[in-house]
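Dear colleague,

I am passing on the structure below, and after it you will find some notes on how its two chains meet. Please read them with the structure open beside you.

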Amino acid sequence: MHLVLFFIFGLLCVAGALNLLLQHHPINSALSLIVVMTSLAVLYLLLGAEFLAAAQVIVYSGAIMVLFTFVIMLLNAGVEEHTHGSKAAYIVGFPGAAALFGILAYIFLEQSDRLGSAKLGGYLATTHDLSQVLFRDLLLPFEATSALILVAILGAVALARKEH
Amino acid sequence: MVPIAYYLVLSAILFSIGVAAFLVKRNIITIFMSIELMLNAVNLTFVAFAHRWHQVSGQIFVFFVMVVAAAEAAVGLAIIIALFRTRATLNVDQVDLMKL
């Protein structure tokens, strides 16, 4: 059951990511990225990270991707143009990415025995466990993120404001 | 039973596709989205390792990555809007204000 679910949503992830790469219109790429993020939420659930699965759906597919689609629609950006520079990127980019994948996959599969395997429901980190660490041991970094978000909001407002 | 290595290989696939999209794409918004894809791939690695060693620290780290990604998306998209106002293009080849 676990393996079947992993393959269904893993394939959905890869298909969405490939679609992001192949589409020429940014809105299509954004919609396929939403598919990737939602299927990743299911994979988090399979790994026993229930809080992160909810946060992934709310923060990533909800907030961030809505921001992306909103900006794409606001700017009314058309199909991306092919320029002279993209040819060199094709020659270097695809083999480079394939080599990166090859190295990473080789290392992970080599160490497969030591990494063990995941069982459905084998380990469940509840929101309670997470909050214990977050609000007791890591309270200062948590508070620092609120300052970070505030600065980001101020920066976004200052940058996007129309100058008179 | 799914080997943890499968999750890590899936994350490697997503990360490599993100790298390829980052290098090949010319539209600044799509480049930005491929950065988000790479961040998500790394998040999957963190969750898989957190599951492997029964630690919540990995998941906490994913939480912080999400926060930083949200802040980054807000500021980055504001920069894109400001850029589009002055240059009227989203093509990265035509945005070379800082070129010497």
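In what follows, contact means heavy atoms within 4.5 Å of each other. By that rule, the contact involves 83 residues of chain A and 69 residues of chain B.

This is a predicted model, in which local features need pLDDT of at least 70 and side-chain atom pairs count only at pLDDT 80 or more, while totals for chains, interfaces and linings use all residues. Residues are numbered from 1 along each chain as its sequence is written, chains are lettered from A in the order in which they are written, and side-chain values use heavy atoms, with hydrogens and water left out.

Between them, the two chains A and B bury about 7,100 Å², of which 79% is on carbon and sulfur atoms; buried area here is the accessible area (1.4 Å probe) that two parts lose on being put together, summed over both. Of the area that chain B buries against chain A, B:Met33, B:His51 and B:Met66 supply 10%, more than any other three residues.

The rule for salt bridges (a side-chain nitrogen of Lys or Arg within 4 Å of a carboxyl oxygen of Asp or Glu) finds 0 across the interface of chain B and chain A.

On the side of chain B that touches chain A, strand E1 (2-3) and helices H1 (4-24), H2 (28-52) and H3 (57-87) each supply at least two residues, helices being DSSP runs (H or I) of at least four residues and strands (E) of at least two, numbered from the N terminus. H3(B) gives the most, with 22 residues.

Best wishes
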